[in-house]
Amino acid sequence: MDGNGRWAKKRALPRKAGHKAGVDALKKVIEECQARGVQMCSFYAFSTENWKRPQDEINAIFKLVEDFAANELKKYVDKNYRVMCMGDLSLLPQKTQDSLKEIVDSGKNNTGMIVNIAINYGGRQEIVNAINYILQSGINKVDEQMVSDCIYTAGLPDPDIIVRTSGEERISNFMLWQLAYSEFLFIDTLWPDMDKKDIDYIINEYSKRNRRFGDIK
């Protein structure tokens, strides 16, 4: 979800205003995805590299996460959404950890759309953690299925399409294991400007792709 800072700068607003607008966009995108029958969406909210940002910006982001959990995510659980988090939550402020854990636990048996929030997440670290977990179990020969069973999204399908907003065209350490056969789409829209037209465009573009998974069909 890229472009919050640039969105704010264009309007001579502080960066935290861009992140607030980004949360509002997240609400709209989740609603539009659900309305179109999307079964699972993952959103990259805070990376392991984002700790390099100014502390006041980090604090503002975590406050927004807490408010989003207390308000929107709680509503999603009540609507039968399954809310998940992937990443090392142990490094987050305790209040942020508690807010997210409560939501995840309360909706763990829900059967509706999965809303997966990546926070303090890094794809390389996820793979390293999975391999270390396997080695600690005494296994000395690792295969792909073992790794898939030990990553944050174990038991869930890999993403069909990965979208990056704001004109940037790189992966930035996101779901490196899971994206092996994902489609990619890079759009110019700044994340806070995302709306139903963008969701329709993404789904329409995806529907044109011919996914062969290495075959020739």
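This is a predicted model: local features need pLDDT of at least 70, side-chain atom pairs count only at pLDDT 80 or more; totals for chains, interfaces and linings use all residues.
A residue counts as buried here when its relative accessible area is under 20%, as exposed when that area is over 50%, and as partly exposed in between.

**Salt bridges**

Glutamate 72 has a relative accessible area of 14%, so it is buried. Its salt-bridge partner is lysine 75, with 3.6 Å from N to O. Lysine 75 is partly exposed, at 44% relative accessible area. Both residues belong to helix α3 (residues 55-78), where they sit 3 residues apart, about one turn of the helix. Side chains of opposite charge can pair when their charged atoms come close.

Across the whole structure, a search finds 21 salt bridges. Three of them are set out in the table below.

| Salt bridge | Distance (N to O) |
|---|---|
| Lysine 20 and aspartate 24 | 3.3 Å |
| Arginine 36 and aspartate 200 | 2.6 Å |
| Lysine 75 and glutamate 72 | 3.6 Å |

Lysine 20 and aspartate 24 are 4 residues apart in helix α2, which means that about one helical turn separates them. Lysine 20 is partly exposed at 40% relative accessible area, and aspartate 24 is also partly exposed, at 30%.

**The parallel sheet**

Three strands make an open sheet in the order β1-β3-β2, with parallel pairing. β1 and β2 are at the edges and have a single partner strand each, so one side of each lacks a neighbour in the sheet. On average, neighbouring strands of this sheet are turned by 20 degrees against each other, direction ignored.

Strand β1 (residues 40-47) is joined to β3 by 7 bridges, and here serine 42 stands opposite asparagine 116. Strand β2 (residues 82-86) pairs with β3 over 5 bridges; cysteine 85 has isoleucine 117 as its bridge partner, and methionine 86 has alanine 118. From β2 the chain crosses through helix α4 (residues 94-106) to β3, in a left-handed β-α-β crossover.

Asparagine 120 is not a glycine, yet its phi is positive, at about 50 degrees. This residue is in strand β3 and is buried, at 4% relative accessibility. Methionine 175 also has a positive phi, near 50 degrees. It is found in the loop between β4 (161-164) and β5 (183-186) and is buried, with a relative accessible area of 3%.

**At the surface**

Ile131, Leu135 and Val142 form a nonpolar surface patch, and together they have about 210 Å² of accessible area. Leucine 135 is part of helix α5 (residues 123-136) and is partly exposed at 44% relative accessible area.

Lysine 16, in helix α2 (residues 15-35), is exposed at 53% relative accessibility.

How values were computed
Residues are numbered from 1 along each chain as its sequence is written. Side-chain values use heavy atoms; hydrogens and water are left out. Two strands pair if DSSP finds at least two bridges between them. Helices (H or I, at least four residues) and strands (E, at least two) are DSSP runs, numbered from the N terminus. A crossover is right-handed if, with the strands pointing away from the viewer, the path from the first strand over the helix to the second runs clockwise. Patches are made of residues with over 30% relative accessible area and no salt bridge: like charges are joined within 9 Å, nonpolar side chains (Val, Leu, Ile, Met, Phe, Trp, Tyr) within 5 Å. Accessible areas come from the Shrake-Rupley method with a 1.4 Å probe; for residues, only the protein chains shown count as cover. A salt bridge is a side-chain nitrogen of Lys or Arg within 4 Å of a carboxyl oxygen of Asp or Glu. Buried means under 20% relative accessible area, exposed over 50%, partly exposed in between (1.4 Å probe, protein chains only). Axes are lines fitted to C-alpha atoms, for helices over the stretch in contact, and angles run from 0 to 180 degrees between N-to-C directions.
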